[in-house]
Amino acid sequence: MQAEPVTLAAINDRVHDLDTHELTAYATSFGVRPPDDRTGWYIVLEYAPDLTERGLFWGGPDDE
């Protein structure tokens, strides 16, 4: 997921308070958009094998 640093900071502040659908809606309220126009995109917090947070990523239609 790409956004301005201030926007990413605001979204990251809420990542543990919101579920996936709420987080996606919150991010899009800042103008963050998915990679393409297909439906079914959502934002997820991805973890490394050692369970450290890797960051926010778009999950989508091809992942289901």
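Predicted model: local features only at pLDDT ≥ 70, side-chain atom pairs only at ≥ 80, totals over all residues.

Q: Leaving aside its neighbours within four places in sequence, with which residues is leucine 45 in contact?
A: Once neighbours within four places in sequence are set aside, its contacts are Val15, His16, Glu53, Gly55 and Leu56.

Q: Where do the buried residues of helix α1 lie around the axis, and how wide is their arc?
A: Helix α1 (residues 5-14) has Thr7, Ala10 and Ile11 as its buried residues. They lie on the same side of α1, because the arc they cover around the axis is only 95°.

Q: Which residues are exposed on the other side of α1?
A: The buried residues of α1 have a cover that includes α2 and β2. On the other side of the helix, the exposed residues are Pro5, Val6 and Asp13.

Q: Is the pair formed by tyrosine 26 and phenylalanine 30 stacked or edge-to-face?
A: The structure contains one aromatic pair. The ring centres of tyrosine 26 and phenylalanine 30 are 5.1 Å apart. Planes over 60 degrees apart count as edge-to-face. The planes of these two rings stand at 90°, so the pair is edge-to-face.

Q: Which residue has its charged end over the ring of tyrosine 26?
A: Tyrosine 26 is partly exposed, with a relative accessible area of 22%. At 5.3 Å from the centre of its ring sits the charged end of arginine 14.

How values were computed
Residues numbered from 1 in each chain as written. Heavy atoms only, no water. Phe/Tyr/Trp six-rings, centres within 6.5 Å; stacked < 30°, edge-to-face > 60°. Buried < 20%, exposed > 50% of the residue type's maximum accessible area, 1.4 Å probe, protein only. Lys NZ or Arg CZ within 6 Å of the ring centre and 35° of its normal. Contact = heavy atoms within 4.5 Å. Helix = DSSP H or I, 4+ residues; strand = E, 2+ residues; numbered from the N terminus. Arc of directions from axis to C-beta.
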